[in-house]
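User: Please take a close look at one ligand site in this model. Then set that site in its surroundings, step by step.

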Amino acid sequence: MEIVVFGAGSIGSLLGALLARVPDHDVTLVGRGPHVSAIRRRGLRVEGIESFTVEPQATTDGTDLAADLVLVTVKAYDTEAAARELRTGEFDAVCSLQNGMGNEETLAGYLDCPVLGGTTSYGAVRTDSGEVVWNGAGEIAVGPWAPRGDDETAATVGAAMTAAGLEVDVVDGAGIRRRLWEKLAVNAAINPTTALARVENGALGDEPGTDLVEPIAREVGATARAEGVTLSDEALVDAVGEVVTATAENESSMYADVQAARRTEIDVINGYVVERAREHGIDVPTNRTLWTLLRAWEAERGLRAIDA
Ligand SMILES: NC(=O)C1=CN([C@@H]2O[C@H](COP(=O)(O)OP(=O)(O)OC[C@H]3O[C@@H](n4cnc5c(N)ncnc54)[C@H](OP(=O)(O)O)[C@@H]3O)[C@@H](O)[C@H]2O)C=CC1
Ligand SMILES: CC(C)(CO)C(=O)C(=O)O
């Protein structure tokens with residue numbers, strides 16, 4: 001399969017490298033200059049859970065590309081800019097593997113091909129140009145993004161990922177909505193709290209950290225059900241607890257963003273919960289507080305306009 005990975009940073013470089021490892025796939029990474037130059041010079045080096053080097057194609061120009069599949073792995077705030085580049089190309093399918101909500105809608109607004117939603121619990125950190133550390137085993141869930149996806153495309157993409165040894169769960173349209181809302185609850189509970197408290201994920205598994213999880217998860221659950229997604233509060237609290245245990249020694253991506261004084265994905269995580277809850281007349285004070293705190297932090301550091 002011809003595959004473009006748009007957003008060769010941490011997770012995009014890892015997944016692109018895993019896909020490029022097998023002869024079945026012809027992989028092109030779209031990333032930034034230094035990383036792309038290093039990949040062209042000496043290949044892409046993966047360390048961590050496994051160590052190997054691959055030689056995918058790499059470019060900084062995401063326009064006029066053509067492939068069977070494009071995986072989108074930019075931060076959510078870059079999705080629209082990515083979609084504008086991808087719109088100039090030709091793809092048989094597009095799949096977001098990003099955190100946060102709204103990425104699939106954005107991509108569907110620019111591309112005519114079938115759209116797949118996706119979540120991943122693989123973990124990676126790009127440590128240098130041409131190098132990425134694989135620090136989290138996990139799985140990928142893919143499914144058709146209604147109304148622009150279809151089960152056949154999801155199955156084809158899932159099979160291509162499985163052929164490269166990725167752990168993939170192909171689900172239907174209702175299934176991927178549940179997975180995306182479940183991942184939203186996980187990120188809404190873990191990311192801002194660990195970023196603000198400057199703690200690793202495991203701190204949310206002990207008192208007093210555990211007291212934070214339930215109110216956030218319950219607010220996400222009420223909003224999800226108002227959106228027509230069948231998810232119980234208990235299932236979401238359990239999902240958060242499982243990830244807290246599995247990634248106890250990890251720093252969340254939002255903690256890493258705050259430490260690096262980088263913009264966060266708070267708007268598409270807790271901000272999305274607040275905005276969707278408002279549409280249904282649901283009060284979500286904990287999510288609103290976390291969204292406001294991170295927006296204030298970003299504004300104070302000039303990472304967003306004050307009124308944004
Ligand atoms: N890292 C992980 O383990 C996981 C990440 N995720 C999610 O996946 C998404 C990506 O995360 P992550 O890989 O950590 O983020 P990164 O910032 O490491 O990777 C994104 C990369 O895309 C690049 N990029 C953005 N726009 C363009 C463009 N137009 N052309 C070329 N390159 C571009 C960025 O460059 P620049 O920074 O210079 O803009 C960056 O190198 C996020 O939604 C994240 O929440 C989900 C699960 C795990
Ligand atoms: C699952 C979790 C919270 C792992 O850290 C994550 O997705 C992130 O850090 O963005």
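**The site of ligand 2**

An oxygen atom of ligand 2 sits 3.1 Å from an N or O atom in the side chain of Asn191. The model is a predicted one. The side chain of Asn187 places an N or O atom 3.1 Å from an oxygen atom of ligand 2. For Ser253, the distance from a side-chain N or O atom to an oxygen atom of ligand 2 is 2.6 Å. Protein covers 84% of the 280 Å² of accessible area that ligand 2 has on its own.

Now the surroundings of this ligand. Asn99, Lys183, Asn187, Ile190 and Asn191 surround ligand 2, together with Asn201, Val243, Ser252 and Ser253. By class, this shell holds 2 nonpolar, 6 polar and 1 charged residues. Which helix gives the largest share of the shell around ligand 2? Helix 6, residues 173-197, gives 4 residues.

Next, the record. UniProt, in an unreviewed entry, places the feature "domain: Ketopantoate reductase C-terminal" at residues 176-296. Over that span the chain is 68% helix and 0% strand. The end C-alpha atoms of residues 176-296 are 32 Å apart.

One loop deserves a stop here. Pro208 lies in the loop between helix 6 and helix 7 (210-226). The bond that joins Glu207 and Pro208 is a cis peptide, with omega about -10 degrees. In general, most peptide bonds are trans.

Asn99 leads on to the other ligand. Asn99 is part of the surroundings of ligand 2, and Asn99 is also among the nearest of the 21 residues around ligand 1.

Polar atoms next. Ile11 brings a polar backbone atom to 2.9 Å from an oxygen atom of ligand 1. Glu85 has a polar side-chain atom 3.0 Å from a nitrogen atom of ligand 1. In Arg32, an N or O atom of the side chain is 3.2 Å from an oxygen atom of ligand 1. How much of ligand 1 does the protein cover? The figure is 81% of the 880 Å² of accessible area that ligand 1 has on its own.

The shell around ligand 1 divides into 7 nonpolar, 9 polar and 5 charged residues. Helix 1 (10-20) supplies at least two of its residues, and strand 11 (123-128) likewise supplies at least two.

The unreviewed UniProt entry gives residues 3-146 the annotation "domain: Ketopantoate reductase N-terminal". This span is 26% helix and 38% strand. Its end C-alpha atoms lie 22 Å apart.

An open sheet of 4 strands has the order 4-3-12-11, with mixed pairing. Strand 4 (52-54) and strand 11 are its edge strands, and each pairs on one side only. Neighbouring strands in this sheet are turned by 25 degrees against each other on average, direction ignored. Strand 3 (residues 44-48) and strand 4 run antiparallel and are joined by 3 bridges. Leu44 has Val54 of strand 4 as its bridge partner.

Another open sheet has 8 strands in the order 5-2-1-7-9-10-13-14, and its pairing is mixed too. Its edges are strand 5 (57-59) and strand 14 (168-170), each pairing on one side only. The twist from one strand to the next averages 20 degrees. Strand 13 (residues 140-144) pairs with strand 14 in the parallel sense over 3 bridges. Here Val142 stands opposite Val170 of strand 14. In general, strands of a sheet pair through backbone hydrogen bonds, either parallel or antiparallel.

Pro147 is in the loop between strand 13 and helix 5 (151-163). Ala146 and Pro147 are joined by a cis peptide bond, with omega about -5 degrees. Asp64 is in the loop between strand 5 and strand 6 (66-67). Its phi is near 55 degrees, a positive value in a residue other than glycine. As a rule, most residues other than glycine have a negative phi.

Back to the starting point. Ligand 2 has contacts to the side chains of Asn187, Asn191 and Ser253. Helix 6 supplies the largest share of its shell.

Technical notes:
Residues are numbered from 1 along each chain as its sequence is written. Chains are lettered from A and ligands numbered from 1 in the order in which they are written. This is a predicted model: local features need pLDDT of at least 70, side-chain atom pairs count only at pLDDT 80 or more; totals for chains, interfaces and linings use all residues. Side-chain values use heavy atoms; hydrogens and water are left out. A residue is near a molecule or strand if one of its heavy atoms lies within 4 Å of it. A polar contact is a pair of N or O atoms within 3.5 Å; within protein, one must be able to donate a hydrogen and the other to accept it, and residues adjacent in sequence count only if both atoms are side-chain atoms. Accessible areas come from the Shrake-Rupley method with a 1.4 Å probe; for residues, only the protein chains shown count as cover. Ala, Val, Leu, Ile, Met, Phe, Trp, Tyr, Cys and Pro count as nonpolar, Asp, Glu, Lys and Arg as charged, and the others, Gly among them, as polar. UniProt positions are given in the numbering used here, feature names are shortened, and annotations may be inferred rather than shown by experiment. Two strands pair if DSSP finds at least two bridges between them. Axes are lines fitted to C-alpha atoms, for helices over the stretch in contact, and angles run from 0 to 180 degrees between N-to-C directions.
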